[in-house]
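Please open the model in your viewer and keep the selection panel at hand. The stops below say what to select next and what is there.

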Amino acid sequence: MNILKILQIIAVILTIVTGLVSLLWPRSVQGFTGLTAPDGRGITEIRSILGGLFIGLGIAVLVLGTREVYQTLGIMYLAIAAVRLVSIFVDKSSVQSNWISVATEIVLGIILVL
């Protein structure tokens with residue numbers, strides 16, 4: 001197995017772990033994302049979107065295992081990074097966690113698209 005494939009699998013596992021943390025401990029994402037959930041509806045949204053979506057996409061990549069599904073996950077990360085980068089300036093949200101997120105999303109996106 002080559003180094004790129006190992007990095008891609010690590011990226012997929014990180015995607016699933018991010019989803020699991022959001023699903024199992026939805027209030028824990030507040031410190032890093034700034035998202036708050038004052039009631040059950042907000043918690044459900046964090047669990048379903050940040051949890052379910054990331055878990056589902058990660059599992060899909062592992063199950064299907066084609067180059068195209070790895071690239072699809074990579075494109076998702078690059079799209080998130082692009083929107084986040086614009087939003088950092090438009091919304092005046094230039095905070096450390098946003099910059100860490102955009103850097104991580106770009107790195108994971110590139111690894112997965114290659």
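## The largest pocket

Begin by selecting H1, helix H2 (30-33), H3, H4 and H5, each of which supplies at least two residues of the lining of the largest pocket; the helices here are DSSP runs (H or I, at least four residues; strands are E, at least two), numbered from the N terminus. This is a predicted model, in which local features need pLDDT of at least 70 and side-chain atom pairs count only at pLDDT 80 or more, while totals for chains, interfaces and linings use all residues. Residues are numbered from 1 along each chain as its sequence is written, and side-chain values use heavy atoms, with hydrogens and water left out.

A pocket is, on a 1 Å grid over the protein atoms alone, an open set of points with protein on both sides within 12 Å along at least five of seven lines, whereas a cavity is a set where a 1.4 Å probe fits but cannot get out; lining residues have an atom within 4 Å of a point. The largest pocket holds about 730 Å³ of space, a volume being the space filled by probe spheres set on the points, with grid points joined across faces, edges and corners. To find its centre, select Thr 18, Thr 33, Arg 84, Ser 101 and Glu 105, the closest to that centre of the 25 residues in the lining. H5 gives the most to this lining, with seven residues, and by type the lining divides into 15 nonpolar, eight polar and two charged residues (Ala, Val, Leu, Ile, Met, Phe, Trp, Tyr, Cys and Pro count as nonpolar, Asp, Glu, Lys and Arg as charged, and the others, Gly among them, as polar).

## Glu 105

Stay with Glu 105, which is found in helix H5. Is Glu 105 buried or exposed? At 8% relative accessibility it counts as buried, since buried means under 20% relative accessible area, exposed over 50% and partly exposed in between, with a 1.4 Å probe and protein chains only. Leaving aside neighbours within four places in sequence, Glu 105 is in contact (heavy atoms within 4.5 Å) with Tyr 77, Leu 78, Ile 80, Ala 81 and Arg 84.

## The nonpolar core

Next, select Ala 11, Val 12, Ile 16, Phe 54, Val 61, Val 69, Tyr 70, Leu 73, Met 76, Tyr 77, Leu 108 and Leu 112, the twelve residues of the largest nonpolar core, which is a set of buried Ala, Val, Leu, Ile, Met, Phe, Trp, Tyr and Cys residues joined through side-chain atoms within 4.5 Å. Helix H1 (3-24), helix H3 (40-64), helix H4 (67-90) and helix H5 (96-113) each give two or more residues to this core, and H4 gives the most, with five. Within the selection, centre on Met 76, which is in contact with Phe 54 and Leu 57 when neighbours within four places in sequence are left aside.

Move to Leu 20 in helix H1, a partly exposed residue with a relative accessible area of 35%. Its C-alpha atom is separated by 8.0 Å from that of Gly 52, 32 residues apart along the chain, and, not counting residues up to four places away in sequence, Leu 20 touches Trp 25 and Ile 55.

Then select Pro 26, Arg 27, Gln 30, Leu 35, Thr 36, Ala 37, Ile 43 and Ile 46, which line the largest cavity, with a volume of about 40 Å³.

## The whole chain

Finally, zoom out to the protein, which has five helices and zero strands.
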